[in-house]
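Please view the sequence and the model alongside the points below.

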Amino acid sequence: MTLRFSVLASGSTGNAFYIESGEEKILVDAGLSGKKIEQLMDQVQLDPNELSRILVTHEHSDHIKGLGIMARRYNLPIYANEKTWTAMEGQLGKLSVDQKFLFNMEETKSFGSLDVESFGVSHDAADPMFYTFHQDGKKVALVTDLGYVSERIKKTVEGADAYIFESNHDVSMLRMGRYPWNVKRRILGDSGHVSNEDCALALTDVITDQTKRIYLAHLSLDNNMKDLARMSVQDVLKERGFELGSRLELHDTDPSSATPIYEV
Ligand SMILES: [Zn+2]
Ligand SMILES: [Zn+2]
């Protein structure tokens, strides 16, 4: 069996990630309207009626905007940790008791043949966490919305076949840009977002011969550009001896179009 995934949407305007293994079809976050998520899934021939469940990373609106709607419309169970449930529950509308499930920090849950492991990140939400997906020795790591990449996180995500990794901003664009200073400080701080350069440096510590693809994710609309992010990451990787090419590819993500399904 293979792991197949698509980054349906990525960025501060809304995030949704899809991953499947056989009959198990998971949505991670639903940070856009229900209608928009349906459209994004349709772009890559996915049917929301076939979804098995929704996992949540944290309660920021760019991750849960359409969560209640999607869960009700397709009768899906939602998984999040306790603090995230407390923080987001009031914003989801009515859910039945059998739709609410706990996914604790640093827990591994098995859904069919797919093992999902959660890990905590430093970010300004109640108890933010992200996930790695394992199946038959294959591994996919989803890592966005974090202030910095700790050694502990690096250990958890090391050696994945594919990364969806935050490359939020270019530090000088952010510094010179129009954001008020307190917002700049938040983004640059330890519980904000990872810059292009920090993304690249973290990647050089975690990618191995097994790694085939890196998707640069959660790009800031105001403080980054796809080309700039790609170039910055590429430069650092090259400098550290990682040659990009057919065996290691760098891919974009987009706030409003889904990446083609990739099979690991
Ligand atoms: Zn976010
Ligand atoms: Zn966030």
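The zinc ion (ligand 1) is held by Asp62 (OD), His63 (NE2), Asp145 (OD) and His218 (NE2), at 2.1 to 2.2 Å. Donors are N, O and S atoms within 2.8 Å of the metal (3.2 Å for Na, K and Ca); water is not among the atoms, so sites may look incomplete. This is a predicted model: local features need pLDDT of at least 70, side-chain atom pairs count only at pLDDT 80 or more, and totals for chains, interfaces and linings use all residues. Residues are numbered from 1 along each chain as its sequence is written, chains are lettered from A and ligands numbered from 1 in the order in which they are written, and side-chain values use heavy atoms, leaving out hydrogens and water.

**Zinc site**
- The four donor atoms around the zinc ion (ligand 1) subtend angles of 92 to 162°, so the arrangement is irregular. Four donors count as tetrahedral if all angles lie between 85 and 135 degrees; four count as square planar and six as octahedral if opposite donors are over 155 degrees apart and all others between 65 and 115; anything else is irregular.
- Asp145 bridges the zinc ion (ligand 1) and the zinc ion (ligand 2), 3.4 Å apart.
- His63 and Asp145 are both buried (under 20% relative accessible area, 1.4 Å probe, protein chains only).

**Sheet**
- Strands pair if DSSP finds at least two bridges between them.
- E12 (213-217) pairs with E13 in the parallel sense over three bridges.
- Tyr215 stands opposite His251 in E13.

Key
Helix = DSSP H or I, 4+ residues; strand = E, 2+ residues; numbered from the N terminus. Buried < 20%, exposed > 50% of the residue type's maximum accessible area, 1.4 Å probe, protein only.
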